[in-house]
Amino acid sequence: GPCTECSCSSGKEADKDPSHTKKKEKGDQLCVPKIFFGTRTHKQITQISRELKRTAYSCVPMSILSSRDYTCIHPVVSNSSNRNEMCVELLEGKHGRSCSYYHGVHKLTEHHALQPVCQAWDIEDLVSLGRKLRACPYFAARELMVGADIVFCPYNYLLDPQIRDSMDIKLKDQVVILDEAHNIEDCARESVSFGVTESQLRAAREELDVMVNNSIRQEHHEPLRAVCCSLI
């Protein structure tokens with residue numbers, strides 16, 4: 001049957017279609033959506049990419065987003081307990097040093113093993129190749145996302161707005177697939193939750209006591225002190 005969304009349904013020529021003309025004037029281009037495939041764990045991404053290799057779509061442009069815990073190969077940063085902060089400090093050159101692995105990202109993104117003509121790959125393949133080329137897998141994966149048709153990542157990369165912003169993930173008009181979606185509720189709860197210790201609560205209460213006793217914004221600090229007391 002005739003199409004319902006294009007000019008052939010009404011017999012009009014495409015160049016006379018007002019919406020077509022409007023698009024042409026604005027210079028808009030039709031965008032093919034990316035597929036964001038969210039999984040519960042990084043290990044499941046490896047399983048999914050292995051399955052992708054077995055399909056007819058094994059050679060589509062792809063990327064895998066993961067944390068520095070899995071992809072950092074810098075000898076000092078990767079052995080640190082706070083990889084994120086140390087990585088940022090290196091990139092900003094705070095101590096007069098920079099990250100040579102970061103500056104070699106192009107060697108990884110342009111390598112033939114990660115091009116669409118090759119088979120699907122997983123995080124271990126990316127990290128192994130990064131070590132060989134002395135190039136950062138973490139930032140290479142982010143660059144590969146720009147031209148990817150399918151992007152694999154853990155749930156929280158899609159659900160947590162802070163992570164989405166930091167990874168520059170735009171979900172508008174894209175396709176989102178959530179594997180084992182019954183786990184989403186817990187993941188969403190974790191994204192807007194945080195933990196505090198009793199010692200932290202007691203320290204906060206002591207600071208609030210000082211504020212209240214010195215009449216510093218009492219209307220704000222008294223309710224906060226009451227919350228700390230009730231939790232303790």
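This report looks at one serine, a group of aromatic rings and the nonpolar core of a predicted model.

## Ground rules

Since the model is predicted, local features need pLDDT of at least 70 and side-chain atom pairs count only at pLDDT 80 or more, while totals for chains, interfaces and linings use all residues. Residue numbers run from 1 along each chain as its sequence is written, and side-chain values use heavy atoms, with hydrogens and water left out.

## Around S66

Let's start with S66, which sits in the loop between β2 (62-64) and α3 (68-71). Helices here are DSSP runs of H or I with at least four residues, strands are E runs of at least two, and both are numbered from the N terminus. With a relative accessibility of 4%, S66 counts as buried; that label means under 20% relative accessible area, with exposed being over 50% and partly exposed in between (1.4 Å probe, protein chains only).

What does S66 touch, once residues up to four places away in sequence are set aside? Its partners are H42, T71, I123, Y138 and Y157, where contact means heavy atoms within 4.5 Å. As for T41, 25 residues apart from S66 along the chain, the two C-alpha atoms are separated by 9.9 Å.

Now for the aromatics. Rings of Phe, Tyr and Trp (its six-membered ring) pair if their centres lie within 6.5 Å; planes under 30 degrees apart are stacked, over 60 edge-to-face, and the rest tilted. That rule gives three aromatic pairs. One of them is Y102 with F139, edge-to-face at 4.9 Å centre to centre and 80 degrees between the planes. Y102 lies in the loop between α4 (83-92) and α5 (105-109) and F139 in helix α7 (residues 137-146), so this pair ties together parts 37 residues apart in sequence.

Y102 is partly exposed at 34% relative accessible area, whereas F139 is buried at 13%. F139 also pairs edge-to-face with Y138, at 4.9 Å between centres and 90 degrees between planes. Y138 is buried too, at 8% relative accessibility.

## The nonpolar core

A nonpolar core is a set of buried Ala, Val, Leu, Ile, Met, Phe, Trp, Tyr and Cys residues joined through side-chain atoms within 4.5 Å. The largest one has 41 residues, and M62, L65, F152 and I169 have the most contacts inside it. Helix α7 supplies the largest share, six residues.

Leaving out neighbours within four places in sequence, I169 is in contact with F36, L65, M145, Y157, L158 and R164.
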